[in-house]
Amino acid sequence: HETIYLEDYQPPAWLISHTELRFELEEEHTLVRAQLSVRANPAVADKRMPLELFGDEAMELCRLSIDGQILETCDYQRDAGCLRIQNVPEHFTLECVTRLLPHENTALEGLYKSDGMFCTQCEAEGFRRITFFPDRPDVMSVFRTTLVADKARYPVLLSNGNPVDNGEDGEGRHWVTWDDPWPKPSYLFALVAGDLALLEDNYTTLSGREVALRIYAERKDLDKLDYAMQSLKNAMRWDEGVYGREYDLDIYMIVAVDFFNMGAMENKGLNIFNTSCVLAHPKTTTDLGFQRVEGVVAHEYFHNWSGNRVTCRDWFQLSLKEGFTVFRDAEFSADMNSRTVKRIEDATLLRTAQFAEDGGPMAHPVRPESYMEISNFYTLTVYEKGAEVVRMLHTLLGSELFRKGSDLYFERHDGQAVTTDDFVAAMEAVSGRDLSQFKRWYSQAGTPLLTVSDQYDEHTGEYCLNVRQSCPPSPGQEHKQPYHMPLAMGLLAEDGAELYAGCLELTGEEQQFRFTDIASRPVPSLLRGFSAPVKLDYQYSDAQLLMLLRHDTDGFNRWDAGQRFCIRLLQEQMRRYRAGEPMQCPDVLISAWRELLTDASLEPAMVAQCLELPSEAQLSELAEQIDVTAIHAAREFMRAALATALEQEWLQAYQRCDTGAAYAADAASMGRRSLKNLALSYLMLTGCEPWLELARQQYEQSDNMTDQLAALSLVAHSGFRETGAELLQAFYQQWQHEALVMNQWLSVQASDPTPGALARVQALSTHPVFDARNPNKLRALIAGFCARNLFHFHAEDGSGYEWLADWILQLDRRNPQIAARLLTPLTRWKRYDTERAALMQAQLQRMMDTAELSADVYEVVSKSLM
Ligand code: HT7
Ligand code: ZN
């Protein structure tokens, strides 16, 4: 498997101004005729460069011609995914006919079938599975596409742009031609053909353009499209208001498909969505699901500018569009819901999963320098850390200058394929600032650590903060240079009064900041709002953390202080557990939580965030060496202790939040439900019958999936095994025909921490609702067990590891992208005790010894074993 390097980038020698495609979609095969208008790139001096087209090795080439002249096999070279033609004229038309087998395409890249409908996924390199093409993001072309198919089976025929012509072809076949006036790279091409139902609406842009909004899904799901439609309209309005960006075609389409490797895809004018990111109905979708739909619909819409109008020069620049777009969707969600809660969720994801990626064998900079398989680089680092990098630019420049920078970026590069340097250059131009040091965020991997200490002189009233930054080595990067970052902070007096609030800029390895006229020793509130994606080490006392939890004016840091305190206590219980000492839950924690729980003036969503203990995954990420058993034991002990000590308060909070109001998908109602279900989870931990009854009642009487599923999972994961089994069966009976609900059903069982977990998931893998060809089902069952049932996945005998490796080997032949993604938990083997590490390593080695691994799995396995 070959490695591609950023430093080897060369501009394309040949450009394609127009691409005309004709798809004959049939049951046994699809014929694709592509006509490309090719011309030499005037910016490349050497006009004798061969024309290089990418095309999947397995794709059948039926005919190839230049200006009508058929090429024989001796006229071109075809090897490993590439077709080269020497001595071509400066301008010509290339015609290429390929024959595809979409119904046999289980990789879900290129053209494939999902539940009987044809659809495509071309990012990153799927177009080369459709036809031979310079399938690289810096070759942008205008597409005209004709789809021909049986009218009864496929009444709906869609592609990018606007429909410009249609007709009947006889023998029950019909055709539609679509024209997309905006030049685009091939990764943004899409088609859909199927028997689909439609929800239609319209939108008038700020400048008065009428846009038809169409969301397509299977007929049975038509009642689940309203929330996505509303989210789309909100996103369109928001992008006009906040970024001054309008939509640019007459139609905006979204299609829901059940077989999809990721969440959704921003194809120009024709987004294709995983059903899990577009369908939403109170009865079948949880609050988390609603929020996901809102966020992903907005994300794909925002790509129309940050991704489509201005795209990436090469795949190393992926974060140019993904980091920026995640930042945009996060700000949108913050504006639509609770800003602080959104920030807490994002910071938690970063600290738990992205920091782990940064510390693992697949660690890479936001702009990677090399890859074997680009699909492996759609990562938390590129997306989430990339978004944090854009957020830091926003913080450093302020929102006005940032908006000017974004305007300039879009104006300078509209219609171009550019780099992260171009993005930063626009920010430099409007601010007059030198951001060259800042760009290290794009080139250096790893999570920086800020070590902060302070001194206070009570005679002079001077307070001094010393900040040291460092960053551990990562693969291929031994030494790191200091970063430029914003450190938002405040100083609080012992009684909680705020003495200072502001934002420091860090640039040096070690810096001192002095504050004068400080009347008494202050408590620093550091890294407010998680102003940089770093780890923070400051030796807070317990009292200081509890004071910040009570009084910090920054909501994020209030929550964070509480979390830091809990982490400290949990780590102490882990130590006790290992030493065979009794574990303890101190009274200070109980009273602090009582205070939060009984303060009805606090936002329920925030209280719920504060009263959730750090997850086992986060505690793992924080550990020097991960002790799965001690983490599980300490956390479970603490949860049980808090459940018993605050039983009355949990009940009161439950009752306060259980308003009896009909379901609403707004932030306040979601917040109440989250606190209510958290309270129920603690009540259930007491093991008392009345709370089982309460949970059962909630299960039976709730009018929404959030409450029903919460009750189900609490009972199913409890010691009340019989009732748990009964509810699981009832749930199955009620929802067996709703695929997305069945994913939840699988997921609840896969994450059940009670004994016998592996046997349960093994049995579920042969259950009729499970389908190993469907990525959502695989994620529910396999990731549900391996990533959300850590105690059992890491069973001492290595059975969890072996089960996962069996799956990876089986899936790799079918869907390499999914196989490589599911592999992640095994890549972290070096973080565990010697015995577990050896067992995990052995499974990786077993995979490595297997012939014909895909590039996807090979890259992850080989880098993990280094
Ligand atoms: N830009 C989209 C990426 C994507 C993707 C990548 C690899 C394999 C399958 C995929 N499906 C979608 C999604 C996004 O970030 O908006
Ligand atoms: Zn994206």
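Me: Which residues does UniProt list for "domain: Peptidase M1 alanyl aminopeptidase Ig-like fold"?

Reply: UniProt positions are given in the numbering used here, feature names are shortened, and annotations may be inferred rather than shown by experiment. In this case an unreviewed UniProt entry lists residues 446-539. The model is predicted: local features need pLDDT of at least 70, side-chain atom pairs count only at pLDDT 80 or more, and totals for chains, interfaces and linings use all residues. Residues are numbered from 1 along each chain as its sequence is written, while chains are lettered from A and ligands numbered from 1 in the order in which they are written.

Me: What are the helix and strand percentages of residues 446-539?

Reply: Helices (H or I, at least four residues) and strands (E, at least two) are DSSP runs, numbered from the N terminus. Residues 446-539 are 0% helix and 52% strand, and the end C-alpha atoms lie 23 Å apart.

Me: How many bridges join strand β12 to strand β15?

Reply: Two strands pair if DSSP finds at least two bridges between them. Strands β12 (residues 141-150) and β15 (residues 173-184) run antiparallel and are joined by 9 bridges. Strand β14 (residues 162-170) also pairs with β15 in the antiparallel sense, over 7 bridges. H174 in β15 is the bridge partner of A149, and E168 stands opposite H174 as well. The hairpin of β14 and β15 has 2 residues between the strands, and E171 takes a positive phi near 50° there.

Me: How many residues surround ligand 1?

Reply: A residue is near a molecule if its C-beta atom, placed from the backbone, lies within 6 Å of it. Here 15 residues surround ligand 1, the closest being E123, N261, M262, M265 and Y378.
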